Amino acid sequence: MYSLKSYVLVVSLIFIPFFANNFLVFVNSITSSSGNQYTTFFNAISSSTNPKASLNSGKNQTTSSLISSSFCDVWDVTCSEEVLGLAQEPDNVEWIKGLRRKIHENPELAFEEYETSKLVRSELDRMDIEYRYPLAKTGIRAWVGTGGPPFVAIRADMDALPIQEAVEWEHKSKVAGKMHACGHDAHVAMLVGAAKILKNREHLLKGTVIVIFQPAEEAGNGAKRMIGDGALENVEAIFAVHVSHEHPTGIIGSRPGPLLAGCGFFRAVFSGRKGLAGSPHHSVDPILAASAAVISLQGIVSRESNPLDSQVVSVTSFNGGNNLDMIPETVVIGGTFRAFSNASFYNLLQRIEEVIVEQANVFRCWATVDFFEKESTIYPPTVNDNRMYEHVKKVATDLLGPPNFRVVPPMMGAEDFSFYSQVVPAAFYYIGVRNETLGSTHTGHSPYFMIDEDVLPIGAAVHATIAERYLNEQG
Ligand SMILES: [Zn+2]
Ligand SMILES: [Zn+2]
């Protein structure tokens, strides 16, 4: 996920190579909590909402004893208890944490997730879950259920970031300069955990769950390529989760409608004519033209956009000239823009280009604008379908209890899940990983980012229930 400012909710910044230096913060070390100190928040959640599930926790219950008690045609508390019971079996908790730690130790960047993908496939093989591979280089489309309609998808992203981990713990990244600083390692582990739960309950599924592991969320529009390779074939709805340091462990947050902004970047080259600064009339000054453009760009949002339709245009770089006595030949400026609807987003794109080109002309310069479309750095807004949002809310509320669901505000970050949401009804939601005791309070894309691993079985249970209930309620 992408966020311009580090303090905003979820955290994430899609890595864009040309802007990367801004984000690479190298810190030698930090003292942090180890895995031994994780709290039992998950048990607390289940015991507060599902008394029977809490009885199951801590015991080595067999799968068969759990799956035979209910058909869950109409979802009730027994069904929630069964899913939570499966998720929190001690062996399962250890397995899912182990999985996440393995991925955390071996972070792989966009479209290089070969080992991560291999690990996922080996787990799917062990569970006897079928899949198609590869999609988008390293992606996987697995399925559990009847093999027939309806088809509902749940998705995780697999890529890491070019950041040096500064958290000192037993399972720190073993790859210098690479880190799972956005929590995608947890996303993968939770989705594999969900696949396991769904496989256990396969006889109850009233259709097919498509389980999607995609590459390159942070850079490269992995979701777009997955769709191109058939990830959404037959799929009628899709759901995904992102960890959030804003909410305590296990809290689910989402909202109907626009949740995350569309995000784009631009770079403009202003060309004039070089000349001595003491005789400006013999040159054509691109610094003046670019300066005027920077000011005029601020008028797009402030004067042309509906104040109730949040948008951003930020100029973040301005480079030109290296001689105090010379007017330079060229000036290069660049920045980013955000909006919550496709219409507003593409209007911004068009107006940024017009303003830059026209302001260059005013000062006898000429300008070209690049939006890096070929480098796949444009992310549409992530808009939650109202019905899918209601489904997430209902599932989270029934499974974890009403206090553990929050309606969250939209944020200016971006996420390539938006490509799926443009094709089928979709809902994106957050799951909290904040635990002050552990120190999991840092924003994504921070070298200090860490999660409370107690989130993993909770996330797996939420994923699985969203999919199973969706299928059950379509008939
Ligand atoms: Zn992310
Ligand atoms: Zn991110």
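Two strands are taken to pair where DSSP finds at least two bridges between them. In this predicted model, strand S8 (residues 262-271) and strand S12 (residues 330-339) meet that criterion, pairing in the antiparallel sense over ten bridges. Within this pair, Phe266 stands opposite Gly335 of S12.

S8 and S12 belong to an open sheet of four strands, arranged in the order S10-S12-S8-S13 with antiparallel pairing. From one strand to the next, the twist averages 20°.

Helix H9 (residues 286-304) touches S8, S10 and S12, and its direction makes about 165° with that of S10. Helix H10 (residues 342-362) touches S8, S10, S12 and S13; the direction of H10 makes about 155° with that of S13.

The largest nonpolar core comprises 128 residues, and those with the most contacts inside it are Ile154, Leu191, Ala195, Val211, Ala461 and Val462. Helix H13 (residues 455-472) gives the most to this core, contributing eleven residues. Because domain 1 (17-258 + 381-472) and domain 2 (262-370) both give residues to the core, it lies between them. The surroundings of Val462 were examined with its neighbours within four places in sequence left aside; on that basis, Val462 is in contact with Val241, Ile252, Val395, Ala396, Leu399 and Ile431.

Key:
Residues are numbered from 1 along each chain as its sequence is written. Chains are lettered from A and ligands numbered from 1 in the order in which they are written. This is a predicted model: local features need pLDDT of at least 70, side-chain atom pairs count only at pLDDT 80 or more; totals for chains, interfaces and linings use all residues. A nonpolar core is a set of buried Ala, Val, Leu, Ile, Met, Phe, Trp, Tyr and Cys residues joined through C-beta atoms within 7 Å. A residue is buried if 20 or more other C-beta atoms lie within 10 Å of its own, exposed if 12 or fewer, and partly exposed in between; C-beta atoms are placed from the backbone. Helices (H or I, at least four residues) and strands (E, at least two) are DSSP runs, numbered from the N terminus. Domain bounds come from an automatic or database domain assignment. Two residues are in contact if their C-beta atoms, placed from the backbone, lie within 7 Å. Axes are lines fitted to C-alpha atoms, for helices over the stretch in contact, and angles run from 0 to 180 degrees between N-to-C directions.
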